[in-house]
Amino acid sequence: MTPQKIGPGTFVAVVGASGVGKDALIAETRRHAGPDLSLPQRHITRAPGPGENHLPVSARTFRIAAEAGHFAIEWNAHGLRYGIPIEIDDDIRDGRSVVVNVSRSVLGELAARYEHLAVVRVTVSEAVRASRLRARGREDADDVARRLHRPDPAPDYAVDAEIHNDGTIEAGAAALLRVIRTTARGASASAAVSESPLGPGALPAAGMVHEGSTVVAGALGRYTEVGQGSRLADVELGDYSYCDRYCDLANTTVGKFSNIASFVRIGATDHPLDRASLHHFMYRSAKYWPDAEDDAEWFERRRSRRTTIGHDTWIGHGAQVKPDVAVGNGAVIASGAIVTKDVPPYAIVAGVPARVIRFRQPPEIAERLDRLAWWDWDHATLRERLDDFRTLNAVDLLDRYEF
């Protein structure tokens with residue numbers, strides 16, 4: 001008889017190679033955690049190091065605790081033993097999200113034990129990772145080199161989100177907290193009090209990523225929302241911006257308060273037109289031959305062709321915006337348009353290829369709105385002036401708040 005999985009809360013498994021900063025992110029997240037989160041200490045058979053918060057135990061004490069059933073999950077790695085206290089099972093039964101840095105080798109065991117498992121991969125550039133490994137001072141140069149080249153213990157296990165942790169610890173922890181909130185199940189997830197335009201639930205300050213969506217690298221701002229089935233890769237989504245269902249965004253920087261309708265594609269990746277073949281076997285070569293590497297130079301060149309979407313923009317249903325295009329503040333892209341050239345601020349464009357139909361605001365008003373930069377007002381100020389946004393036209397709003 002198959003044992004019943006433990007729920008309704010979520011086990012959030014934070015994974016990634018040594019030196020990517022998993023423990024530091026979790027420690028910073030712990031500072032902002034509420035009662036709906038549990039961030040337990042791991043039992044490890046070594047003394048704590050910089051940035052860690054675990055319970056050091058001897059090998060004998062660990063073995064006795066394991067034999068007594070005191071660990072929910074345990075594993076061996078790097079010549080050490082790691083254990084997660086059994087009390088987390090009660091946290092998950094109470095509907096909390098439990099967040100732990102674990103080895104990818106135990107993901108299958110976690111999936112078999114818990115009703116809801118969310119896997120978050122943390123990555124950094126190789127240069128940053130090597131620097132962090134050396135700085136923490138746990139290993140000599142040879143050990144650091146071995147860690148840098150250690151193979152992934154579960155290379156084919158899908159992840160639910162990826163956090164690129166080259167930035168500040170605060171930014172990385174904020175991203176982790178957003179992922180935790182958006183993958184939460186059970187008691188904490190049932191606290192919705194109003195209806196979001198993209199799905200049920202009040203929109204949390206940390207943002208919301210709906211079911212079936214993937215967000216890889218990049219960053220999501222405050223009060224952002226990613227609609228069902230969308231895919232974001234290396235995308236910076238500014239505060240209050242959202243994309244509706246089944247959007248596909250890549251290598252894109254989106255400003256604040258951008259409104260992106262469903263089935264929009266931005267920064268669509270392309271194929272090499274100047275080579276003998278268009279097919280991706282040339283640059284995704286590892287998919288086809290075990291001794292071939294992917295073409296890193298090609299991917300880097302493609303990532304460098306970023307699309308930029310300004311503040312307070314509206315991109316209609318099914319529109320496409322090509323790589324290397326800049327869409328100005330306040331612009332509108334009509335449904336079904338294909339944008340191949342830069343869009344001026346406050347322009348309305350339509351067609352294939354898109355062309356300017358008219359402008360939302362005359363140039364002098366557009367310039368004044370840019371100087372006012374109301375999209376940078378804080379959350380409390382926006383609430384205080386909400387009625388004016390609802391009742392005043394652009395000129396009257398400018399006259400009231402320009403200084």
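Analyst: Let's begin with a hairpin: strand 27 and strand 28 form one, with 4 residues between them. In its turn sits G351, which has a positive phi of about 100 degrees. Before we go further, please note that this is a predicted model, where local features need pLDDT of at least 70 and side-chain atom pairs count only at pLDDT 80 or more, while totals for chains, interfaces and linings use all residues. Residues are numbered from 1 along each chain as its sequence is written, and side-chain values use heavy atoms, with hydrogens and water left out.

Helices (H or I, at least four residues) and strands (E, at least two) are DSSP runs, numbered from the N terminus. Two strands pair if DSSP finds at least two bridges between them.

Strand 27 pairs with strand 28 (residues 355–359) in the antiparallel sense, over 4 bridges. Within this pairing, V349 stands opposite V356 in strand 28. Strand 27 (residues 347–350) also pairs with strand 25 (residues 332–333), this time in the parallel sense and over 2 bridges. Here V332 is found opposite I348 in strand 27. One further step takes us to strand 22 (residues 314–315), which has a parallel pairing with strand 25 over 2 bridges. V332 in strand 25 turns up again here, opposite W314.

Next, the aromatic rings. Rings of Phe, Tyr and Trp (its six-membered ring) pair if their centres lie within 6.5 Å; planes under 30 degrees apart count as stacked, over 60 as edge-to-face and the rest as tilted. Searching the whole structure gives 15 aromatic pairs. One of them joins W377 and F389 in an edge-to-face arrangement, 6.0 Å centre to centre, with 70 degrees between the planes. This pair links distant parts of the chain, 12 residues apart: W377 is in the loop between helix 9 (363–372) and helix 10 (379–384), and F389 is in helix 11 (residues 386–391).

How accessible are these two residues? The scale is simple: buried means under 20% relative accessible area, exposed over 50%, and partly exposed in between (1.4 Å probe, protein chains only). W377 is buried, at 14%, whereas F389 is partly exposed, at 30%. These two rings also belong to one aromatic cluster, together with Y223, Y240, F257, W374, W375 and Y401.

Side chains of opposite charge can pair when their charged atoms come close. A salt bridge is a side-chain nitrogen of Lys or Arg within 4 Å of a carboxyl oxygen of Asp or Glu, and by this rule there are 23 salt bridges. Among them is the one between D248 and R231, whose closest N and O atoms are 2.5 Å apart. D248 lies in strand 18 (residues 248–254) and R231 in strand 16 (residues 231–237), so the bridge ties together parts 17 residues apart in sequence. D248 is buried, at 17%, while R231 is partly exposed, at 45%.

Another salt bridge joins E402 and R368, at 2.6 Å from N to O. It links parts of the chain 34 residues apart, with E402 in the segment after helix 12 (394–401) and R368 in helix 9.

Finally, what about disulfides, meaning pairs of cysteine sulfur atoms within 2.5 Å? The structure has 0 of them. C243 and C247 show why: the sulfur of C243 has its closest cysteine sulfur in C247, at 4.5 Å, too far for a bond. C243 is buried, at 0%, and C247 is buried, at 2%.

Terms used
Disulfide = S-S within 2.5 Å.
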